[in-house]
Amino acid sequence: MHQATTTTGGHVLSTQGRLTQRLTQGHLPRRLAQLYLGLALYGVSSALLVEAGLGLEPWNVLHQGLAELTGLTIGVVSIIIGAAVLLLWIPLRQRPGLGTVSNVFVVGIALDGALALLPEAHSLAVRIPLLVAGIVLNGAATGLYIAARFGPGPRDGLMTGLHQRTGRSIRLMRTAVEIAVVVTGFALGGTVGVGTLLYAVSIGPLAQLFLRVFAVPPASDGSTVVATGQPRRAILRP
């Protein structure tokens, strides 16, 4: 009787695994497109915020400050910092995915590319719309790449890893890390302003909205299996 139960249970788990795998593979082209489009648009949105000059998202405050200090472009600094943060995953026992590694490079390349193409903005009549467009596009880009389910960004993984190792809440870890990042970046010459505050209060709702918009649909074969891996407590940043 025990053997029969074990066999049946294994069969159920195996069937669920095959159905989930088929669901994931069936949407693989769309998920890959979402991942790379989302990461590229994230870089473009960051470039819009840089050009607006009214305050950057927390990590880009640090990237910009280090760029001012080193003479490197902000995109190159973003890649270097992303790779360094990814190395911190090793002692935190976090596992990177395709999206994690892609995040390190694609966002920085897209950021520098967009900055090279965008004209300089001088008047507030231009800078304010750039700021708003950058924040909204950032939310859309975040929804795109998170909904693709290829792994969190390196900075998100750092925060969840610290949460698991310390037992402190993700919110506390995020707040502590981002305050340190903003203060350090500001001291190095990064731009902090109304845009930083507006980003902080709006990115969560925007990303949640676009997560629903870009969610990968359920299996089309009538199966009730739901794709796993959708982040429940996504930190909403690459």
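A crossing of two helices is called left-handed if the near helix is turned anticlockwise from the far one by less than a right angle, and right-handed if clockwise. The structure examined here is a predicted model, with local features needing pLDDT of at least 70, side-chain atom pairs counting only at pLDDT 80 or more, and totals for chains, interfaces and linings using all residues. Residues are numbered from 1 along each chain as its sequence is written, and side-chain values use heavy atoms, with hydrogens and water left out.

Of its 238 residues, 45% are buried, where buried means under 20% relative accessible area, exposed over 50%, and partly exposed in between (1.4 Å probe, protein chains only). Among contacts (heavy atoms within 4.5 Å) with a separation of 6 or more, 84% link residues 24 or more positions apart.

Helix α8 (residues 154-166) packs against helix α9 (residues 170-187) at about 125°, the axes lying 9 Å apart; axes are lines fitted to C-alpha atoms, for helices over the stretch in contact, and angles run from 0 to 180 degrees between N-to-C directions. The two helices are therefore oblique to each other, since angles under 35 degrees count as roughly parallel, over 145 as roughly antiparallel, 65 to 115 as roughly perpendicular and the rest as oblique. The crossing of α8 past α9 is right-handed. On the α8 side, the contact involves Met159, Thr160, Leu162, His163 and Thr166, and they meet Ile170, Met173, Arg174, Val177 and Glu178 of α9. By class, that makes five nonpolar, three polar and two charged residues (Ala, Val, Leu, Ile, Met, Phe, Trp, Tyr, Cys and Pro are nonpolar, Asp, Glu, Lys and Arg charged, and the others, Gly among them, polar).

Helices α3 (residues 58-70) and α4 (residues 74-87) also cross, at roughly 115° with axes that come within 8 Å, and this crossing is right-handed too. Seven nonpolar, five polar and no charged residues make up the α3–α4 contact.

Thr100 sits in helix α6 (residues 98-117) and counts as buried because its relative accessibility is 0%. Beyond its neighbours within four places in sequence, Thr100 touches Leu86, Trp89, Phe150, Gly151, Pro152, Gly153 and Pro154.

Terms used: Helices (H or I, at least four residues) and strands (E, at least two) are DSSP runs, numbered from the N terminus.
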